[in-house]
Each structure stands twice: as structure tokens, then as C-alpha cells.
Amino acid sequence: MPNTKPGLLKDLKHTYDGLKPNPIRIFDAEASKIEGVIKLSLGEPDFNVPEHVKQAAIDAIKDNESHYGPSNGWPYVRKAAAGFLKDRYNLDYNPDTEIAITVGATEGLHSALDTILNPGDKILMPSPTFSLYDQLVRINGAEPVYINTESTGFVLTPEQLQKAIDDNGPKVKVILLNFPSNPTGVTYNAEQVKAIADVVRKTNLIVISDEIYSELTYGAKHASFAGELPEQTILINGVSKSHAMTGWRIGLIAGPADLMKRVSLAHAFNVTSASNPEMAAAAEALSTEEGRQDTLKMKAEYIKRRDFVVEIMRGLGFKIANPSGAFYVFAKIPSGYIQDDNDFCYDLVRKNKLALIAGSGFGPGGEHYIRVSYAASMETLQEAMKRLTAYINENKPK
Ligand SMILES: Cc1ncc(COP(=O)(O)O)c(C=O)c1O
């Protein structure tokens, strides 16, 4: 086993200096060592991949689809993606020039940021938000600027956005939106999307809109940011959440052709292309009526689970912003209990074997909150809520 020669480590790419693995994964790994632990910690659907979707991958393998394809994905897969965006959100993208199939939403985000950001650029992010964004921005030498949205129900307002644009000056290049939101479970309605778009329209900023949870909304239908301002939007989506395919690693990215030309370069340099069997499966998931029904069935389950968790937790004294999408409940720790969210989560998992995620890892506004992922079976959630109830009762403020 080679040990790295120490001199080699001195001057490696500095934007990686000090970066650590995702804190959620670190906590999750710690929690996994506890025997009998229940983990509501990862953003990972518990459903199996639908059979017809699996079959499409198997067919692709059997048909020897084992060769390099076009970097942006096979035309039929891009067409399926374009059809999905049109049918579901009334978005018009040319599959030949405006869409690429990526290795999960993550690679799409990375390729987009990689081709847009120069060192020193600033990127505005309403927070709390998905913790990976921070790292993807920093490795490009750019600076994340958080806009704390706790006081506005975790929804960015046009006033907050305008102020952040004014305060941060010409270095601001991108606004990174995510709705429905991980970690808050809150989403934006059509009016809120329009209000943000009206501010952005007056600028030369690019919006990267991560809408990976767009199929999991529990009230009004999802309104895509790209519906309001396609000329300034890079849209991120995929099948990870809608079809419980997190491990299959297929995402999609769509935007105006000139921007997509550059994003496609980064994508090609990074990964060449996504994998053929997985692309075939994603096309099946996105383009068939059965695929649509799969998501609807999962969605019906998520609603039951959300209602169950929210009712119990509100009864225990947690304050919860209305979770109207994704599969997260973001809850404020009741007063009298450990208020440091990290300490709270470690105490809970050690004493009652329930792993939840501390809110401060998601940026400003997440302090004193915990994130519960309800992408788990009802039985698991029932046991989890029993443990949480026991913890709350056993640690009552004196
Ligand atoms: C907001 C958000 N964006 C992107 C991702 C990553 O998606 P993928 O697994 O398709 O890379 C996640 C996963 O948790 C997420 O929550």
C-alpha cells in the first residue's frame, strides 16, 4: 500500500483545501454504527425501481447497447426528457440542442457551475439549502452568498433577492434556486416564481433552478422557473426522486442552446456520457404513462407519511413550516430542549437510536432546526415517532 510522498501534497488545487465530505454523510456513517438505529437521515426514496423501468435497462443490456453514445445522451432519451418537460410543465426545449442527459442531477449542477463561474464570482443561494451547492461553488473558486429565508417561511422574496443583488455588486453571477426544497420541504407557487423572475429579468444573472423534486408536490402543481424566464434559466431535473432511482445516476439539464453548448463541453470532459442501460431506463420512466403512474403512487404514500409525521411532531411542540413538496419535514426544536441542532441530533441518536439531520448544515436559517426524511415505510416512521416521543418525554425541561 503506497503512502503519499508528503512533498506531493503541498500545492494541490487550493479550492479543495479545507473541504470535507458532506456532514450528512459523516453523521449518517456515525449513526449507522449504533445497533438498531432508525435512520430518517438520507434523502433517499425507500421504494424499489418499477419493474418496467428495470426491464428497459435489461433490454438495453441484452441488445448489446454497450458502445459510446452521443455525449449529451441518445436522441430518444433526450426526446423523452423534452417530452416530459413539455407534458408536465409546459416547457419547450429542443432535444437536439437544449438538453443533456447527465450522471444524476449532481453532475448537471457541477457541469453548469464549472462552465459559468470564474474565481471570485458570487452566487446567491436562498438558505437553508442543499449542502452540496456550497462545495460545488467553492471548488470553482467562487463564493456562496446565503440569503437567510427563515423569516419568510423559507421562501425567497423579491425584496430579499433585490437587496442581495444590490449589496453584493457586479461579482454576482448566478442565483441557485431549489424548490421543492431540500431540506425545508417548502415549495414556491406560481406567483412566487413570477415575483422572483421579475427581479432576475432586469439583470444579466443566470438562474440555476434545481427542480429535482418537481414531481413531488402535494398542493398546487409545480411551476418551473424555466416557465417564467427560460432565456436566463438552466434547469436541473432527473429521475432520482421521481422514480426512486437515486443509485441509477441519471439527471437532465436543459437551457438555452448557447449556454448548453458550454455546459455540454464540461459534461463531455467530465463523464463522456451517461450509461446506456440507465439512460434506457430513464427514457422509459419519463415517457410512458406507466412511468407517470409510478410517481403518482409514490406521491400518494408520501402524503400519508408526511401527514403522520407532521401531526405527531407538532403535537410534541415542534414548529414546522408547511411541507408541500419533496419528502422532508424541517422542524424547529421546541424550547427547553437542547437548542444546538447538532447536539440535539447526537443526543437523540445516542439515547433513543433515531437519526435525524441537524439543520445548521444547510446554511443560515437552519440553526435550531432538524430535518426528518419521511422517505421511509410507515412502519419505520411509526417506530421513529415512538422514539422521538419517548425522547421528548424523557428529556422534558425541568
Ligand atoms: C436538492 C437536490 N439536488 C440534487 C440532488 C442530487 O440528485 P442526484 O441523485 O440525481 O444527483 C439531491 C439529492 O438529495 C437534492 O436533494
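Rings of Phe, Tyr and Trp (its six-membered ring) count as a pair if their centres lie within 6.5 Å; planes under 30 degrees apart are stacked, over 60 edge-to-face, and the rest tilted. A search of the whole structure finds 16 aromatic pairs.

This is a predicted model, in which local features need pLDDT of at least 70 and side-chain atom pairs count only at pLDDT 80 or more, while totals for chains, interfaces and linings use all residues. Residues are numbered from 1 along each chain as its sequence is written, and side-chain values use heavy atoms, with hydrogens and water left out.

**Aromatic pairs**

Select phenylalanine 154 and phenylalanine 330. Their ring centres are 5.5 Å apart and their planes stand at 75°, so the pair is edge-to-face. The pair links distant parts of the chain, 176 residues apart: phenylalanine 154 sits in the loop between strand 4 (143-148) and helix 6 (158-168), and phenylalanine 330 in strand 10 (residues 328-332). Helices here are DSSP runs of H or I with at least four residues, strands are runs of E with at least two, and both are numbered from the N terminus.

Next, select phenylalanine 318 and phenylalanine 344. With centres 6.4 Å apart and planes at 85°, the pair is edge-to-face. Phenylalanine 318 lies in the loop between helix 11 (289-315) and strand 9 (319-320), and phenylalanine 344 in helix 12 (residues 341-352), 26 residues apart. Phenylalanine 318 is buried at a relative accessible area of 3%; for phenylalanine 344, also buried, the value is 0%.

Then show Phe47, Tyr213, Tyr302, Phe327, Tyr328 and Tyr374, which ring pairs link into a cluster.

**Strand 8**

Move to strand 8 (residues 251-254). Gly251 and Ile253 point one way, Leu252 and Ala254 the other, and all are buried. In a regular strand the side chains alternate between the two faces of the sheet.

Strand 2 (residues 99-102) runs antiparallel to strand 8 and is joined to it by four bridges; isoleucine 101 has leucine 252 as its bridge partner. Strand 7 (residues 233-238) is also antiparallel to strand 8, with four bridges, and here isoleucine 236 is partnered by isoleucine 253.

**The annotated domain**

Finally, select residues 36-388, listed by UniProt in an unreviewed entry as "domain: Aminotransferase class I/classII large". UniProt positions follow the numbering used here, feature names are shortened, and annotations may be inferred rather than shown by experiment. Over residues 36-388 the chain is 43% helix and 16% strand, with the end C-alpha atoms 15 Å apart.

Note on methods: Buried < 20%, exposed > 50% of the residue type's maximum accessible area, 1.4 Å probe, protein only. Pairing = 2+ DSSP bridges.
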